[in-house]
Amino acid sequence: TLAAFITTVYVGIVVGIGTVVGTGDEPNLGLSIAATALVAVLFQPVRARVQRFANRLVYGRRASPYELLARFSDRVGGSYASEDVLPRMARVVAEGTGARLTGVWLRVGDELRPAASWPGNGSLRDPIPVGDGPLPAIEGAGRAFPVREGDQVIGALTVAKAPGDPLRPAEEKLTEDLAAQAGLVLRNVRLTAELQRRLDEISRRAQELRESRRRIVAMQDRERRRLERDI
């Protein structure tokens, strides 16, 4: 398309206008320079439009893998809050694969917990146990792609497509690349979740300690009153 565009513009200016103004058989240097300048100015806009059209033919209405990877980096580069970054991550995976349901799973302790999904009302299963080995099967979540930090599984991306619509090799490679990029993000979110879990545990134990102290004080008060009555 670009070759046809360049040829059309050049021939149209040099030959067409040259014929009108009557330059004869000799090539007109001015028209050649004008044609080259016009092609140089219009080349990048035309190329961008042609690229979008080619992407639409290859990927449908979804963005190209390169665009999704760039968008993913832009969206999660400055945010590590699980309520913000994880739904964005699930949405990017859905936009790249055309899946009916995508999920982001986060490892907390010895469990793999569903942390976000796209669409937001998508249903994911309950937490599943996870060890130090490979990623366990996640029933009902489609294909699962582990997110690792070193050799340890710290999370997963899941992709469930419509029946009869398998995950294509390009979509599989895209999800693997996104899972590789998601390691740092999930690591920070996981640390936040682990810290929150420990804070909740400390808060629960502190509440139990306060309740225990109140019971001890109440028992001592009852015993003191009994002794006063006896005296």
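## Exposure and the predicted model

A residue is called buried when its relative accessible area is under 20%, exposed when that area is over 50%, and partly exposed in between. Glu 201, at 29% relative accessibility, therefore counts as partly exposed, whereas Arg 205, at 54%, counts as exposed. These values come from a predicted model.

## The sheet

Five strands make up an open sheet, in which the order is β3-β2-β1-β5-β4 and the pairing is antiparallel. Because β3 (128-129) and β4 (143-149) stand at the edges, each with a single partner strand, one side of each is left without a neighbour in the sheet. Within the sheet, β1 (residues 101-108) and β5 (residues 152-160) run antiparallel and are joined by six bridges, and Gly 103 stands opposite Thr 158 in β5.

## Helix α5

Helix α5 (residues 169-230) packs on the sheet, where it touches β1, β2 (111-118), β4 and β5, and its direction makes about 60 degrees with that of β4. The 62 residues of α5 reach 86 Å from the first C-alpha to the last, close to the 92 Å expected at 1.5 Å a residue. At Ala 182 the helix bends by about 45 degrees, and Ala 182 is also one of the buried residues of α5, which include Leu 178 and Leu 186.

## Salt bridges

Glu 201, Arg 204, Arg 205 and Glu 208 are linked in a network of salt bridges. In helix α5, Arg 205 and Glu 201 lie four residues apart, about one turn of the helix, and their side chains meet at 2.9 Å, N to O. Glu 208 forms a salt bridge with Arg 204, with the closest N and O atoms 2.6 Å apart.

Notes. Residues numbered from 1 in each chain as written. Predicted model: local features only at pLDDT ≥ 70, side-chain atom pairs only at ≥ 80, totals over all residues. Heavy atoms only, no water. Pairing = 2+ DSSP bridges. Helix = DSSP H or I, 4+ residues; strand = E, 2+ residues; numbered from the N terminus. Contact = heavy atoms within 4.5 Å. Axes fitted to C-alpha atoms, helices over the stretch in contact; angles between N-to-C directions. Expected span 1.5 Å × (residues − 1). Bend = angle between axes of the 7 residues up to and from the residue. Buried < 20%, exposed > 50% of the residue type's maximum accessible area, 1.4 Å probe, protein only. Salt bridge = Lys/Arg side-chain N within 4 Å of Asp/Glu carboxyl O.
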